[in-house]
Amino acid sequence: MRAIRVQFKPLGKRYYFSVGKLNVTDKTMVIVNTIRGIELGYCVGEIFDLPEEELTSELKDIVRIATAEDKKNYDKYKNMEPDVVEKTKYYAKLNNLEMKVLEAEYTLDGSKLIIYFEADGRIDFRELVKNLADEYHTRIELRQVGSRDGAKVFGGIGPCGLIVCCKTFITQFDNVSVKMAKNQNLSLNPVKISGNCGKLLCCINYENDNYTELRRYAPDVGDIVETNEGPAKVLSCDVLNRNLKVKYVDEDNKFGYLKLDDVKFTPSKDKKKHIEIEEFDDADSL
């Protein structure tokens, strides 16, 4: 099936759509039918063949290539969105609602107005919807989003001193866990490993696969390794620099810093199994 990725806003999530017989290329503006309604998006990349066995649901077709009239309507409603945000903030304050209004989006035909907000708990926004419906005379939909989506709207500077990743290149948030921070020997101080959104830093996920792979060939904390000075217990393992801090078993209060290549250790069953499988794959490829 001929398909292409379609994106609706910069750094937004990309969706697959069937191309059919249309001739579209990168950045071609197209009209598509989504669960939100008729929307204008732009193609990302080139047409490719998507195997039907990889589809988890039926792929929707691109309705048509956007016309000048479509672009005119898109710009018209896009220019109205900042006013919608301000009005929503006003009515939210009027109704004593503890919510942070983030952004607003019209569908291409103006039949639906979607407003995104962030809040700590559940919000009863029924009166707010009535106020907005009377103001804009269209179908109103309010969507509560997470703190990461809120940070993506406002942006800011990260602890690295650069503009936050979600404002520069991240199109979809991946799961980040404390286990990943531990895997990289990062400080577990929430202040140091949390972003502007209050959640764990997205960048913790970037190098986690490399650390995981390196740890498969390194001893864990608590393992006993063989050294030139006798057996020693691993206290810490810096897999990136291949350094170990150890405490010698046969001598009290004797510690040392060794290179990973200078010790011998017996991998755990899981690690041994992984190494054997990898060696088999390498031999098979030869």
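**Strands, a loop and a pocket**

Trainee: In S12, which residue is the bridge partner of Lys245?

Mentor: This is a predicted model, in which local features need pLDDT of at least 70, side-chain atom pairs count only at pLDDT 80 or more, and totals for chains, interfaces and linings use all residues. Residues are numbered from 1 along each chain as its sequence is written, while side-chain values use heavy atoms, with hydrogens and water left out. S11 and S12 run antiparallel, joined by five bridges (strands are DSSP runs of E, at least two residues, numbered from the N terminus; two strands pair if DSSP finds at least two bridges between them). Across from Lys245, the partner in S12 is Tyr257.

Trainee: Which residue takes a positive phi in the hairpin of S11 and S12?

Mentor: Six residues lie between the strands of this hairpin. The positive phi, near 55 degrees, belongs to Asn253.

Trainee: Which residue of S5 is the bridge partner of Val32?

Mentor: S3 pairs with S4 (residues 37-49) in the antiparallel sense over six bridges, and Ile31 stands opposite Leu40 there. S3 is also joined to S5 (residues 62-65), again antiparallel, by three bridges. In S5, Val32 has as its partner Ile62.

Trainee: With which residues is Leu240 in contact, leaving aside its neighbours within four places in sequence?

Mentor: Leu240 sits in the loop between S10 (230-238) and S11 (243-248). Gln184 is 56 residues from Leu240 in sequence, yet their C-alpha atoms are 8.8 Å apart. Using contact as heavy atoms within 4.5 Å, and with those neighbours set aside, the partners are Tyr211 and Leu214.

Trainee: Why does Cys43 count as buried?

Mentor: Buried means under 20% relative accessible area, exposed over 50% and partly exposed in between, with a 1.4 Å probe and protein chains only. Cys237 counts as buried because its relative accessibility is 4%. Cys43 counts as buried because its value is 0%.

Trainee: How much space lies in the largest pocket?

Mentor: On a 1 Å grid over the protein atoms alone, a pocket is an open set of points where a 1.4 Å probe fits, with protein on both sides within 12 Å along at least five of seven lines; lining residues have an atom within 4 Å of a point. The lining has 35 residues, with Lys9, Gly12, Lys13, Tyr15 and Arg36 nearest the centre. Elements giving two or more residues to this lining include S2 (14-18) and S3 (29-34). Counting the space filled by probe spheres set on the points, which are joined across faces, edges and corners, the volume is about 1200 Å³.

Key. Helix = DSSP H or I, 4+ residues; strand = E, 2+ residues; numbered from the N terminus.
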